[in-house]
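The sequence and the structure are shown below.

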Amino acid sequence: ASRRLYRGANEQPLLQQRLLTPEPCWHSELRAPLVPFVPDHRVFGRAVFPAAGSIAIGLGAAKALGRASELRDVRFESMFPVEGGARCSVGVDAASGRFTVHGSGLGDADDGAWSRHSSGRIAERPRGPDRTRVDLDAVRARCPAQVAPEALYARAAARGLDYGPAFRVVRALWRGEGEVLAEVRLAPEHVDPAYPLHPVLLDGAFQAVLALVDDERAALPVA
């Protein structure tokens, strides 16, 4: 019940309160239990809002505005620390469809200053089929080398990317030449139909790409 109290009219957990402003704008607090998965995404020991969350925000804003849309030109401009909780402000320019995500810490050590973390554009979805058909048998043939999810997460942790239980959603993984095939599935307790695309599920797809990175540096999505 406490989670529902903070949701806006569109029931999107990352867009909790729509403000009465001339341009569409939302304010949210990113803390448990409102967004319970956030503490399980850690970079070099700090809880960081996942880049996939900004995509979920953009899709949620499009849904709230009643647009059949896709996102374009999404940029993850800086890491968004959420250790101890954070405030999130989302604004949309109605004319261009451009959206921005700003954040401000809630922890005792934070000064309350706002920083811009990501941006993108809500664009009209092209006409035609919603999905591109993929020949899974052909993909399987191109990705013969199986990678254990436990090995993927151990290697990520060695690079400073620590995925807690909520984010360990890669269930099976196969690697090919510049390509991976992954089975990604949320735990039942984290399934939430309010999301057009659950950020943890999408983050699992990002995680799978780490199997293609051969050096030991931390790799994070930027666009």
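Contact here means that heavy atoms lie within 4.5 Å of each other. The model is predicted.

Six strands build an open, antiparallel sheet in the order β1-β2-β6-β7-β8-β5. Its edges are β1 (17-18) and β5 (69-76), each of which pairs on one side only. Within the sheet, β7 (residues 98-105) is joined to β8 in the antiparallel sense over six bridges; Val101 has Ser118 of β8 as its bridge partner. Helix α2 (residues 51-64) lies across β1, β2 (25-30), β5, β6 (86-92), β7 and β8, and runs at about 145 degrees to β5.

Ser119 belongs to strand β8 (residues 115-124). Leaving aside residues up to four places away in sequence, Ser119 touches Asp73, Val74, Arg75, Glu77, Arg98, Phe99 and Thr100. With Arg98 there is also a polar contact between the two side chains, at 3.3 Å.

Ala211 is located in the segment after α5 (199-209). With residues up to four places away in sequence again not counted, Ala211 touches Leu152, Leu173, Arg175 and Val180. The C-alpha atom of Ala211 is separated by 9.0 Å from that of Arg155, a residue 56 residues apart along the chain.

The relative accessible areas of the two residues are as follows.

| Residue | Relative accessible area |
|---|---|
| Ser119 | 1% |
| Ala211 | 6% |

Why is Ser119 classed as buried? Its relative accessible area is 1%, and buried means under 20%. Ala211 counts as buried because its relative accessibility is 6%, judged by the cut-off of under 20%.

Technical notes. Residues are numbered from 1 along each chain as its sequence is written. This is a predicted model: local features need pLDDT of at least 70, side-chain atom pairs count only at pLDDT 80 or more; totals for chains, interfaces and linings use all residues. Side-chain values use heavy atoms; hydrogens and water are left out. Helices (H or I, at least four residues) and strands (E, at least two) are DSSP runs, numbered from the N terminus. Buried means under 20% relative accessible area, exposed over 50%, partly exposed in between (1.4 Å probe, protein chains only). A polar contact is a pair of N or O atoms within 3.5 Å; within protein, one must be able to donate a hydrogen and the other to accept it, and residues adjacent in sequence count only if both atoms are side-chain atoms. Two strands pair if DSSP finds at least two bridges between them. Axes are lines fitted to C-alpha atoms, for helices over the stretch in contact, and angles run from 0 to 180 degrees between N-to-C directions.
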